[in-house]
Each structure stands twice: as C-alpha cells, then as structure tokens.
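Q: I want to go through this structure piece by piece. Please keep the answers plain.

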Amino acid sequence: NLERNSIGDKGATALSKNTTWINLQTLNLERNSIDAKGATELSQNTTWINLQTLDLTHNSIDAEGATALSKNTTWINLQTLHLGFNKIGAEGATALSKNTTWINLQTLNLECNSIGDKGATALSKNTTWINLQTLDLTHNSIDDEGATVLSKNTTWINLQTLNLADNSIGAEGATALSKNTTWPNNIEIIH
C-alpha cells in the first residue's frame, strides 16, 4: 500500500519497470500526484500478470491516462479498478469501455470524473465485463439519457450495485433503470 505519498510520475515510472513482482495482487497508488504520463508507464508493465486490484483514486490521470490503462493486455486477472477523482471525462470512459482484456473485472469505480451521458453510453456498450458486480458512477453529470442507456446493458448479468448518486437522474431515468431484466433481482441501484 503506497497510498498518500508523493510518488508522482517519476515513481510510477520506476514501479512500472519492475520485472520481479509476478505475484503482485494489489497496488494502491491513491493520492500520489500521478498524471497521464505515470498512468501510461504503469499500463505498459507486462510483469504483473496476477494483479487483481489497482487503485489510482485521486490522481490526475485524465483521459490520456485512462486510455493508456485501457490498452493494457497483461492484467487478465484484474478484478477491481478504482479511478475515481481523475478527470477522465467521457473520452476516458469511452476508452475504458473498449477494453477486452479485463474479463474478470468485478468492481469499477469511476466516481467524480465528469463522464456525462456520453461516457455512460460508452460504458453501457461494453460486452466484456460479464463478471461486473459493482459500478460506481457517483457525481458524473449523468441525467435521464445516461441512465436510460445504462439500463439497456445486457452484459452485466452479475451486477449487484449500480451507484448513480449525485447525478441529475429524474423519474424517466429511474423508470428505465427499473425495467432492466438482465440484472439480478437483488440489484441495489443508488440514485
């Protein structure tokens, strides 16, 4: 756990060059002043084949960093990805939605990233994350349109929690979400 340090891009680059941590399962780099360059370097690591959890919450990776991470094909065992508070926007969410490697992804936290309806639409089209159980889209400027497109996803058959708190979803979006028949009956939708 390297949370709340001053690793920055230079430290992220050094970590990314590691070739001995083949059994690394969790890497927490939350609040470390890492931007797109550091995220790009991390994404190029090919040693961490057993990585299950990556936490980059509260950095500044933006859309460029999210795009680089989305292109990683080594982390086939990734189960949890925390990218909240990173300014990835719709462009970053769209890039992430196109990842086809993370088939074991169970938790995706993108809270406070301003992905909007465009980013929600892109995420809703993902067909790889069949094991997704938790999707946190808190405070992302999503309104009825975004909620409606999310409700049409038929891939996330294991989704248990969809957090849409602090968005701009009204009755229309809530109605659309309630009509999804793919998600389990016990899903918790927070809005």
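Q: Which residues does Glu188 touch, not counting residues up to four places away in sequence?
A: Glu188 touches Gln160, Thr161 and Leu162. Touching, or contact, means heavy atoms within 4.5 Å.

Q: Before we go on, what kind of model is this?
A: It is a predicted model, where local features need pLDDT of at least 70 and side-chain atom pairs count only at pLDDT 80 or more, while totals for chains, interfaces and linings use all residues. Residues are numbered from 1 along each chain as its sequence is written, and side-chain values use heavy atoms, with hydrogens and water left out.

Q: Back to Glu188, where is its place?
A: Glu188 belongs to strand S7, residues 188–190. Helices (H or I, at least four residues) and strands (E, at least two) are DSSP runs, numbered from the N terminus.

Q: And how far is Glu188 from Asn163?
A: The two are 25 residues apart in sequence, and their C-alpha atoms are 8.0 Å apart in space. Glu188 itself is partly exposed, with a relative accessible area of 45%. Buried means under 20% relative accessible area, exposed over 50%, and partly exposed in between (1.4 Å probe, protein chains only).

Q: OK, the whole protein. How many helices and strands?
A: There are seven helices and seven strands. From the N terminus on, they run α-β-α-β-α-β-α-β-α-β-α-β-α-β. The radius of gyration is 16 Å, close to the 16 Å of the globule rule for 191 residues, so the protein is as compact as a globular protein of that length. That radius is taken over C-alpha atoms, and the globule rule is 2.2 Å times the number of residues to the power 0.38.

Q: What does the C-alpha trace span?
A: About 50 × 25 × 25 Å along the principal axes.

Q: How much of the protein is buried?
A: 57% of the 191 residues count as buried.

Q: What about contacts between residues at least 6 apart in sequence?
A: Of those, 88% join residues at least 24 apart.

Q: Which residues touch the most other members of the largest nonpolar core?
A: Leu54, Leu81, Leu108, Leu123, Leu137 and Trp156, out of 44 residues in that core. A nonpolar core is a set of buried Ala, Val, Leu, Ile, Met, Phe, Trp, Tyr and Cys residues joined through side-chain atoms within 4.5 Å.

Q: Which helices supply at least two residues of this core?
A: Helix H1 (8–16), helix H2 (36–43), H3, helix H4 (89–97), helix H5 (116–124) and helix H6 (144–151) each do.

Q: Take Leu137. What is it in contact with, leaving aside neighbours within four places in sequence?
A: Leu137 contacts Leu110, Ile115, Leu123, Ile142, Leu150, Asn163, Leu164 and Asn167.

Q: Now H3. How many of its residues are buried?
A: Seven of the nine, so H3 is largely enclosed by the rest of the structure. They are Ala63, Gly65, Ala66, Thr67, Ala68, Leu69 and Ser70, and they pack against H2, strand S2 (53–55) and H4.

Q: And which residues of H4 are buried?
A: Gly89, Ala90, Gly92, Ala93, Ala95, Leu96 and Ser97. That is seven of the nine residues of H4, so this helix is largely enclosed by the rest of the structure. The buried residues of H4 pack against H3, S3 and H5.

Q: What do the buried residues of H6 pack against?
A: They pack against H5 and helix H7 (171–178). Among these buried residues are Asp144 and Leu150. Six of the eight residues of H6 are buried, so H6 is largely enclosed by the rest of the structure.

Q: Loops next. Where is Leu29 found?
A: Leu29 sits in the loop between strand S1 (26–28) and H2. At 0% relative accessibility, Leu29 counts as buried. Leaving aside neighbours within four places in sequence, its contacts include Leu2, Ile7 and Asn59.

Q: And Thr74, buried or exposed?
A: Thr74 counts as buried, at 13% relative accessibility. It lies in the loop between helix H3 (62–70) and strand S3 (80–82).

Q: Last one. What is the phi of His58?
A: It is positive, about 55 degrees, although His58 is not a glycine. His58 is in the loop between S2 and H3. Ser114 also has a positive phi of about 55 degrees and is not a glycine. At 27% relative accessibility His58 is partly exposed, whereas Ser114 at 53% is exposed.
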